[in-house]
Amino acid sequence: MMGVLPPGMIVEANTVRFDSLALDNGATLAPVDVAYETYGALNAAKTNAILVLHAFSGDAHAAGISHETGKPGWWDNMIGPGKAFDTDLYFVICSNVLGGCRGTTGPSSVNPATGCPYAMTFPVITIGDMVRLQKMLIDFFGIPRLLAVAGGSMGGMQALEWAVAYPDRVVTALPIATTARHSAQQIAFNEVGRQAIMADPDWNGGDYYGKQPPARGLAVARMVGHITYMSDESMREKFGRRLRGKETFSFGFDVDFEVESYLRYRGSQFVTRFDANSYLYISKAMDYFDLTGRNGTLAAALERSQGRFLVISFTSDWLYPSYQSQELVRALRSRNRDVAYVELESNYGHDAFLVDVAEQTDMVRGFLAATFEKLS
Amino acid sequence: MKGLVREVYGRSDYAIIGEIVEPDTKVLDLGCGEGELLEWLAVNKGVDARGVEISGARVRRAIARGVSVFQSDIDEGLADYPDLAFDYVVLSQTLQETRDPRKVLREMLRVGRRGIVAFPNFGHWRVRMSMLVSGRAPRTALFPYEWYESPNIHFLTVHDFEALAHVEGLVVERRYFLAGHRKVALLPNLLAEVAVFLLRRS
């Protein structure tokens with residue numbers, strides 16, 4: 001799957017198995033599968049590889065049309081021939097994160113020691129663990145340095161982790177709509193999602209595989225998530241107070257409003273493609289994320305980074321507000337790192353990095369082109 | 001993009017700055033607009049080029065050019081940098097727009113080994129004439145705005161800048177005076193439209 005990708009091309013996920021992965025919590029996971037997709041072609045010098053990092057509920061299917069589902073990738077508007085991540089020029093890789101449920105080993109995977117799914121015996125993982133596994137994938141490709149690590153939201157956290165954990169393997173990092181550490185508010189929203197799942201009797205201590213999954217809890221968790229991904233303005237534009245298929249209130253608790261219908265629909269859809277235990281593990285990994293770590297300050301943590309940074313935030317993103325990106329940019333400046341930053345105007349809230357991509361596209365394209373030119 | 005900076009952008013102060021900046025140095029351009037000068041310096045002089053710009057739209061276009069620009073206010077944007085982070089800090093046609101020019105100048109020469117300041121000369125004879133004749137806030141090709149919509153909040157002449165540099169203990173290494181694309185040799189405070197100073201701390 002290393003051919004050039006024409007628009008709308010059918011893509012398939014691949015899987016590679018690694019013997020073991022040492023985790024931040026001291027445990028070792030063995031073996032570990034990683035699901036990935038690639039787009040474009042790796043050049044002979046292996047200098048044109050870009051690792052795209054997905055957000056919380058994303059997967060390896062970043063671009064093209066999935067052979068399995070028939071759906072376009074989650075960043076299909078950004079990755080492809082002539083797009084921001086131009087597959088005529090670059091070799092783009094995206095893998096499902098550790099703890100995920102879309103082909104990479106996670107709590108729904110079978111533990112070879114028991115023959116049963118890990119469920120809650122799966123070790124608690126971190127963003128650092130996810131990145132360590134991605135680095136094994138990059139080593140597997142024999143890529144010495146990535147031209148770019150790029151992602152929004154949790155993908156941006158991974159990009160930052162890459163820049164600090166493997167500075168000599170990263171030429172540029174593009175953390176978008178993200179933070180160097182989860183705030184109390186971000187942890188709080190994740191905790192609501194986790195509690196919704198664990199409060200569902202079907203969750204059953206995480207042991208629901210082959211039985212009824214905690215669909216109601218997971219749907220509620222997703223509904224909360226969707227609220228945080230939108231903005232007051234985008235919800236007003238999209239739904240307002242419009243009623244769903246009726247002229248008057250029902251004076252009951254069925255769906256009255258469009259927004260209720262939308263959230264219920266999104267919640268019920270999510271249940272068909274996402275594992276509740278993955279929700280618990282991945283959201284916890286995000287909450288644990290703090291680039292500062294043992295370094296005392298963010299600036300000290302970024303001392304290790306080397307390459308160029310392109311940081312982007314969005315005006316209406318209240319889940320990952322611009323001040324968090326600005327904090328990151330200030331810390332990079334204090335170490336005199338090469339950093340470009342802009343706050344883009346958008347009404348789409350946190351979702352902006354996925355949907356409002358026109359301006360993002362020009363910047364990413366120019367930033368990558370200038371860097372790639374200097375490199376070759 | 002290759003070629004004389006004046007031919008590329010038609011800005012004579014850019015031509016001087018392009019002349020002053022040594023190859024393979026680190027340059028920070030304050031109020032860099034869409035990053036034209038920085039791009040030219042990066043391509044033609046191998047400069048490690050960075051910029052600060054307040055307008056999001058201009059920052060976007062600068063980044064699309066491949067220049068590392070961050071969106072910030074100049075009056076505050078320098079505070080995070082360590083001392084002597086750059087070989088040159090450039091302030092081109094912006095000093096008169098800053099809230100606290102003195103602070104900006106001090107910060108420039110804390111962060112940079114050298115400062116390059118280009119500004120429109122309010123002492124030019126056309127400005128003087130305009131005010132003398134009309135009795136109103138001067139409007140010339142160089143200062144085209146009505147007083148109420150002008151971005152210029154501090155007006156200064158060549159003499160004013162020389163005096164401030166002296167008070168601040170700054171060494172003027174080179175000074176250039178321009179009228180259009182010509183260099184002015186005599187009576188710069190009267191004849192120069194734009195002045196460019198290369199400064200360092202004493």
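Helix 11 (358–375) of chain A packs against helix 4 (residues 56–64) of chain B at an angle of about 35 degrees, with their axes 7 Å apart. Here an axis is a line fitted to C-alpha atoms, for helices over the stretch in contact, and angles run from 0 to 180 degrees between N-to-C directions. Helices (H or I, at least four residues) and strands (E, at least two) are DSSP runs, numbered from the N terminus. Keep in mind that this is a predicted model, in which local features need pLDDT of at least 70 and side-chain atom pairs count only at pLDDT 80 or more, while totals for chains, interfaces and linings use all residues. Residues are numbered from 1 along each chain as its sequence is written, and chains are lettered from A and ligands numbered from 1 in the order in which they are written.

Which residues meet between these two helices? From helix 11 of chain A come Glu359(A), Asp362(A), Met363(A), Gly366(A) and Phe367(A), and they meet Arg60(B), Ile63(B) and Ala64(B) in helix 4 of chain B. Being in contact means that the C-beta atoms, placed from the backbone, lie within 7 Å.

Now step back to the whole meeting of the chains. In total, 21 residues of chain A are in contact with 16 residues of chain B. Strand 15, helix 9, strand 16 and helix 11 of chain A each give two or more residues to the chain A side, and helix 11 gives the most, with 7 residues.

Leaving aside neighbours within four places in sequence, Ile63(B) is in contact with Leu310(A), Ala340(A), Val342(A), Met363(A), Gly366(A), Phe367(A) and Val69(B). Ile63(B) is also among the residues that touch the most other members of the largest nonpolar core, which has 171 residues. Such a core is a set of buried Ala, Val, Leu, Ile, Met, Phe, Trp, Tyr and Cys residues joined through C-beta atoms within 7 Å. A residue is buried if 20 or more other C-beta atoms lie within 10 Å of its own, exposed if 12 or fewer, and partly exposed in between.

Let's finish with strand 5 (residues 112–120) of chain B, where 8 of the 9 residues are buried. Strand 5 of chain B pairs (DSSP finds at least two bridges) with strand 4 (residues 86–92) of chain B in the parallel sense over 6 bridges. Val89(B) stands opposite Gly115(B) there. Strand 8 (residues 194–201) of chain B runs antiparallel to strand 5 of chain B, joined by 7 bridges, and Pro120(B) stands opposite Val194(B).
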